[in-house]
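Keep the viewer open and click along.

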Amino acid sequence: MSPADPGPTSDPAPLWLFGDQLGPHFRTEHAHRQVLLVESAAALGRRRVHRQKLHLVLSGMRHLADELGERAIHLRTSTYRQALEQLGRPVVVHEPTSRAAEAFVYRLAEQGLVEQVLPSPAFALGRDEFAQWAQGRDSFRMETFYRAQRQRFEVLMEPGEPAAPVGGTWNLDEANREQPPKGRTTLGVAAPWWPSEDPIDDEVRSDLDAMAAAGQVTTVGTDGPRLFPVTRDEAQKALTHFVSERLPSFGPYEDAVMAADWPMAHSLLSVPMNLGLLHPLEVVRDAEAAHTAGAAPLASVEGFVRQVLGWREYVWHLYWHLGEDYLDRNALAARTPLPDWLTELDGDAVTAACLSD
C-alpha cells in the first residue's frame, strides 16, 4: 500500500513497527495511529542469514499489513531512512531489539524523523524494572532472577505470605533430565501444529528469489514449506495445541535429542515469540492453567515457565545491562575461536551432532 494521506497536522504520528513487533500488545495503546511497516533492502541484505528467517520476517510483516488494511502504511524502500523521508512526518517507535538498531533510532529522533521512542512491551519485565532489580548486585544468577520473576508475576505461586512456590519447590530440573525412550526413534507424542502457506508466502518466496538473483540478499538454506506461525491467529493456534497436546511430555525430555524426531515435545514457539506475536506472560499463563486444571504435570510446566520467564528474559536483560564492553571482559578466559562453519553459516560443514539434526 502506498502512504495514506497524512491529513491535518494534528493527526497522531504513525506507529513504526519492526519485523519482530507484530503482535497486538505492540498496538494496544495505539489504536488511534496508523501503522508503518518498512521492508528495507539494506537491512535485509546487511549480513548473510538463513533464507527461512527472511521468509518468516517478510511473511509476518506482509500478513500484518494485509490484516490491518487501510490502517497500514507498507513501504518497500532501499533504507529505513528513505521510508521515513517518503512518509513525510515523524513516527513513534518502540525500543528495538539490538544496540545498533536502538542507536540508529535515536539518531533518527535527533534528526526529527522519530517523535518518540517508547518502552518495548516485548518482554514481561521492562528494562527499567530490571535495572532496579539489578541495582547493587555484584553478580547475577539466573535462579535468583527466575524466582523473583515468579513472585513478581505470581506464576506458579501459592496464595498468601510468605510467598511459596506451587508444590513447595522452585526448581524441578532433576525431574526433567530423562534420556530418550530406549528402542524408539521418536518420542511418540502428538505432532506439532503446522501452518498452511498462502499466496502471501508465495509472493515473499518469489521476491526473495529475485533479490538473491540481483545480489541484494545472501542467504543459506531453504525456506519452504513454512514451519512456524507468522500471524497472531496462527501463533495462538500453535500455543493452544502445544499446551493441550505436547506440554505434558515436554519436561522429562527437554534436554534430550533424537536424530529422527527433531521437534520431540518442544513448543516450537520461539519464532512467534521472537516475532512478537505472543507475549511471554500469555504463554506462561496458558501453561500454568493447564497444570491448575490437572492437564499437565508440574515438572513439565515449571520447566517450560523457567525457559520463558526465566532464561529468555534473563539473557535478554543481561544483554542490555552488561553493556557493549562485556565482549572484552571475558571473565572465563575463553579463547577458542568459533568454528568456521558457525561464523560462515555453512550448514553442510556442521560437525556438532546436536546442530546437524
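## Before you start

This is a predicted model, where local features need pLDDT of at least 70 and side-chain atom pairs count only at pLDDT 80 or more, while totals for chains, interfaces and linings use all residues. Residues are numbered from 1 along each chain as its sequence is written, and side-chain values use heavy atoms, with hydrogens and water left out.

## The overall picture

The protein chain has 14 helices and 9 strands. Its radius of gyration is 22 Å, close to the 21 Å that the globule rule gives for 357 residues, so the chain is as compact as a globular protein of that length. (That radius is taken over C-alpha atoms, and the globule rule is 2.2 Å times the number of residues to the power 0.38.) Along its principal axes, the C-alpha trace spans about 60 × 50 × 45 Å.

As for the elements, helices (H or I, at least four residues) and strands (E, at least two) are DSSP runs, numbered from the N terminus. Of the 357 residues, 46% count as buried. Here buried means under 20% relative accessible area, exposed means over 50%, and partly exposed is in between, with a 1.4 Å probe and protein chains only. The areas themselves come from the Shrake-Rupley method with a 1.4 Å probe, and for residues only the protein chains shown count as cover.

## Helix H6

Helix H6 covers residues 142-153, and Tyr146 sits in it. Tyr146 counts as buried because its relative accessibility is 0%. Gly136 is 10 residues from Tyr146 along the chain, and their C-alpha atoms are separated by 18 Å.

Glu143 pairs with Arg147, the closest N and O atoms being 3.0 Å apart. The two are 4 residues apart in H6, so about one helical turn separates them.

A search of the whole structure finds 23 salt bridges. One of them joins Arg226 and Asp201, with the closest N and O atoms 2.9 Å apart.

Elsewhere, Glu39, Arg62, Arg76, Glu203 and Asp207 are linked in a network of salt bridges.

## A negative patch

Which residues form a negative surface patch? They are Asp340, Glu344, Asp346 and Asp348. Patches are made of residues with over 30% relative accessible area and no salt bridge, with like charges joined within 9 Å and nonpolar side chains (Val, Leu, Ile, Met, Phe, Trp, Tyr) within 5 Å. Lys and Arg count as positive and Asp and Glu as negative, with His and the chain ends not counted. The place of a charge is taken as NZ of Lys, CZ of Arg, CG of Asp or CD of Glu. Asp340 is found in helix H13 (residues 340-343) and is exposed, with a relative accessible area of 60%.

Most residues other than glycine have a negative phi, and most peptide bonds are trans. A cis peptide bond joins Glu161 and Pro162, with omega about -5 degrees; Pro162 lies in the loop between strand E7 (157-158) and strand E8 (164-165). Another cis bond joins Gly224 and Pro225, again with omega about -5 degrees. Pro225 is in the loop between strand E9 (219-220) and helix H8 (232-250).

Two non-glycine residues have a positive phi: Leu268, near 60 degrees, and Ala333, near 55 degrees. Leu268 lies in the loop between H8 and helix H9 (270-274) and is buried, with a relative accessible area of 17%. Ala333 is in the loop between helix H12 (326-329) and H13, and is partly exposed at 49%.

Conventions: Salt bridge = Lys/Arg side-chain N within 4 Å of Asp/Glu carboxyl O.
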